[in-house]
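Please look over the sequence and the model before reading on.

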Amino acid sequence: MKIEGLNIHPLKSGRAIPVESATVRLDGLAGDRRFMIVEPDGRFITQRELQALARVEATAVGESLHLEMEGRQLFASFEPEDRIDVTIWDSPVNAAVADEAVNETLSDWFARPVKLVHMDVLAVRAEGEDWAGSPAPVGFADGFPVLVTTTGSLADLNRTLAAKGQEPVGMDRFRTNILVTCDDPWAEDFWEAIEINGIVFDFVKPCARCIMTTQDQMTGERIGGNPIQGLAEKRMSADRRVPGVLFGWNAVPRSEGEIRLGDEVRVTKTRAERWPMKVRA
């Protein structure tokens, strides 16, 4: 097995950026989900409620951010002393905030009041103790540092969608970090740990999927095949701890280093049983 795809998402819920190589840090791939759009009170905003985020291309320039949306461009920098408290789900973070001019421009772009924040070196967040054994450092991702998916599982999902008369979907719908070539659908359910270029990634929790998977990742429109309907056929979790349909696994890197497209992926530890799924009548 090898790495088929690598992606970072500089702006949470913004467009993915495919990369040929990535620096793995304990809190995820360098540059992944380090910036975020929030409500004026600091609550995080994603494509779930603001579909237009899919049309934003963000590029980090050091500790600053260049944003482009439908021909409009904006450059945001951050001062360490300018900070606000923000939340991702129930997780609080004290983050750097862009200046008022930047926030006013973004509010105009999205036709609603928003602010742009940055997970800078002063921001600290650690999550997932119940799953990872100890709190895992993480940026603005929903809960864990890295998301891993496989080609075989996407192919199986698309076969299900085809049987339902729906269009196939791309892996971009699932906003993965590391895509692994694996012909065996859902084999990752049995992986407890993988190793890539000497870096161990513990698979700690399956990823429950939401309405974002139904949205085109270039336009934000809810069009094309519906992964939620496809996954509901055989990927509905039977464990109350992670309700809903599942695709991909949340992983925690246990060391740091570099990974590249084509790197070998080796399963180093397996679990005896697959995550329990509901059986449709």
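## Terms and basis

A nonpolar core is here a set of buried Ala, Val, Leu, Ile, Met, Phe, Trp, Tyr and Cys residues joined through side-chain atoms within 4.5 Å, where buried means under 20% relative accessible area, exposed over 50% and partly exposed in between, with a 1.4 Å probe and protein chains only.

The model is predicted, and local features need pLDDT of at least 70, side-chain atom pairs count only at pLDDT 80 or more, while totals for chains, interfaces and linings use all residues. Residues are numbered from 1 along each chain as its sequence is written, and side-chain values use heavy atoms, with hydrogens and water left out.

## Overall fold

The protein has four helices and 20 strands, taken as DSSP runs numbered from the N terminus (H or I, at least four residues, for helices; E, at least two, for strands). Its radius of gyration, 18 Å, is close to the 19 Å that the globule rule gives for 281 residues, so the protein is as compact as a globular protein of that length; the radius is taken over C-alpha atoms, and the rule is 2.2 Å times the number of residues to the power 0.38.

Along the principal axes, the C-alpha trace spans about 55 × 40 × 35 Å. Of the 281 residues, 52% are buried.

## Nonpolar cores

The largest nonpolar core holds 26 residues, of which Ile-178, Ile-196, Phe-201 and Ile-259 touch the most other members. Strands that each supply at least two residues of this core include strand 1 (3–8), strand 3 (21–25), strand 16 (191–196) and strand 17 (199–208). A second, separate core has 23 residues, among them Phe-35, Phe-78, Ala-96 and Phe-110.

Neighbours within four places in sequence aside, Ile-259 is in contact (heavy atoms within 4.5 Å) with residues including Ile-3, Leu-6, Val-24, Leu-29, Ile-178 and Ile-196.

## Individual residues

Most residues other than glycine have a negative phi.

Ala-155, in helix 3 (residues 151–163), is partly exposed, with a relative accessible area of 32%. Ala-155 and Val-169 are 14 residues apart in sequence and 9.3 Å apart in space, C-alpha to C-alpha.
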